[in-house]
Amino acid sequence: MNQIKAIWAYKFFILNSIKTEFKTRFARSKLGGFWMILHPVAQVAIYALVLSAVLSAKLPGINNQYAYAIYLMAGTLAWSIFSEVISKSLTVFVDNGNLLKKMAFPKITLPVIILGSSLVSNILLFLAILVVFGLLGHLPNTQILWLPALMILLLALSVGLGLILGVINVFVRDIGQITPILLQFWFWLTPIVYTIDMLPQHYKIFFMLNPMTSIVQAYQSILVYGTSPNFYSLLYPIFLSIFLLFLALFIFIKANEEMADVL
C-alpha cells in the first residue's frame with residue numbers, strides 16, 4: 001500500500017520523466033519517434049522475407065499472400081513490450097545509482113517510468129502495425145477490443161519478472177549479463193516465427209509451460225485469425241503474473257534500504 005501511495009504522490013515526476021526520456025532519446029533526430037516503430041517493423045520485414053516462402057503455406061485460415069508477415073507482426077507486438085520492460089528493468093537501479101544517492105524519491109517510481117515509456121512505445125508500434133495490416137489488405141475485426149486486457153497482462157508479467165531481476169542485479173551483477181542471453185533463447189522458445197502446430201506433440205506440453213506462449217497465441221488469434229483468445233489457456237500466465245508481482249514487491253521492500261548502500 002505504501003508503494004502505491006508513493007507512486008501516486010510522485011505521479012507528476014513519473015509523467016515528466018517519461019516525457020524527458022522520449023525527448024532525450026530522439027534529440028537531434030530528424031525522424032524522432034518514428035525510429036521506435038521502424039526498428040521492430042524492419043525486423044519483421046527481414047524475418048518475413050527470409051522465412052515466408054517456407055512457412056506461409058503452413059498458416060491455414062488466412063487467405064492472404066502476406067499471411068506469414070501478418071502472423072509475425074502479431075507475435076512481435078506482444079514480445080516487444082515484454083522484452084523491453086524486462087531489459088530496462090534489469091539495469092534500472094544500477095543505471096540510476098548516482099541519482100538514487102543524490103535525490104530522495106521512492107525507488108519504485110523508476111520501474112513505473114519504464115512501464116509507462118514501454119507502453120507508449122508499444123501503442124505506437126501497434127498503430128503502425130494497423131497501418132501495415134491495412135496496406136496488406138488484412139483489417140482486424142471487433143476482437144481487437146481484447147488487446148487492452150492482454151496488454152495489462154503482459155505488463156504485469158514483465159514488470160513482475162523485471163523488478164525481481166532488477167533488484168537481484170544490484171547485488172549479483174552476473175544477472176545483468178546472463179538475462180539478455182536468456183531472453184534470446186526465450187524468444188525462440190515462443191511461437192512467434194513459427195506455429196506451435198509445427199512442433200512434435202511431445203514438445204508442445206513443454207512449450208506451454210512458457211507463459212508467453214499463451215499470450216502470443218492470444219495476440220495471434222485476435223490480430224491474425226480474428227477470433228477471441230482462449231481464456232482458459234490464459235489462466236496460467238494470469239496467476240503467474242499475480243504471483244510474480246507480489247514476489248517482486250516483497251523482494252523490493254526487503255531490499256529497498258540495502259540497495260542504496262550497495263549502489
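Which residues in helix 8 meet which residues in helix 11? I'll answer that after a word on the model. This is a predicted model, in which local features need pLDDT of at least 70 and side-chain atom pairs count only at pLDDT 80 or more, while totals for chains, interfaces and linings use all residues. Residues are numbered from 1 along each chain as its sequence is written, and side-chain values use heavy atoms, with hydrogens and water left out.

Now the answer. From helix 8, Leu147, Leu150, Met151, Leu153, Leu154 and Leu157 meet Pro211, Met212, Ile215, Ala218, Tyr219, Ile222 and Leu223 of helix 11. Contact here means heavy atoms within 4.5 Å. By class, this contact has 13 nonpolar, no polar and no charged residues. Nonpolar covers Ala, Val, Leu, Ile, Met, Phe, Trp, Tyr, Cys and Pro; charged covers Asp, Glu, Lys and Arg; the others, Gly among them, are polar.

Helices are DSSP runs (H or I, at least four residues), numbered from the N terminus. Helix 8 is residues 147-171 and helix 11 is residues 211-225; they pack at about 160°, with axes 11 Å apart. Axes are lines fitted to C-alpha atoms over the stretch in contact, and angles run from 0 to 180 degrees between N-to-C directions. Helix 8 and helix 11 are therefore roughly antiparallel, the word for angles over 145 degrees.

Helix 8 has another partner, helix 9. Their axes come within 10 Å and cross at roughly 150°, which makes helix 8 roughly antiparallel to helix 9. Leu161, Leu165, Ile168 and Asn169 of helix 8 touch Ile175, Gly176, Thr179 and Trp186 of helix 9. That contact has 5 nonpolar, 3 polar and no charged residues.

Helix 9 (residues 174-188) also packs with helix 4, at about 170° and with axes 10 Å apart. So helix 4 and helix 9 are roughly antiparallel too.

Next, aromatic pairs: the structure holds 9. In one of them, the rings of Trp79 and Phe82 have centres 5.2 Å apart and planes at 55°, so the pair is tilted. Rings of Phe, Tyr and Trp (its six-membered ring) pair if their centres lie within 6.5 Å; planes under 30 degrees apart are stacked, over 60 edge-to-face, and the rest tilted. Trp79 and Phe82 both lie in helix 4 (residues 67-90), 3 residues apart, about one turn.

Note on methods: Helices (H or I, at least four residues) and strands (E, at least two) are DSSP runs, numbered from the N terminus. Angles under 35 degrees count as roughly parallel, over 145 as roughly antiparallel, 65 to 115 as roughly perpendicular and the rest as oblique.
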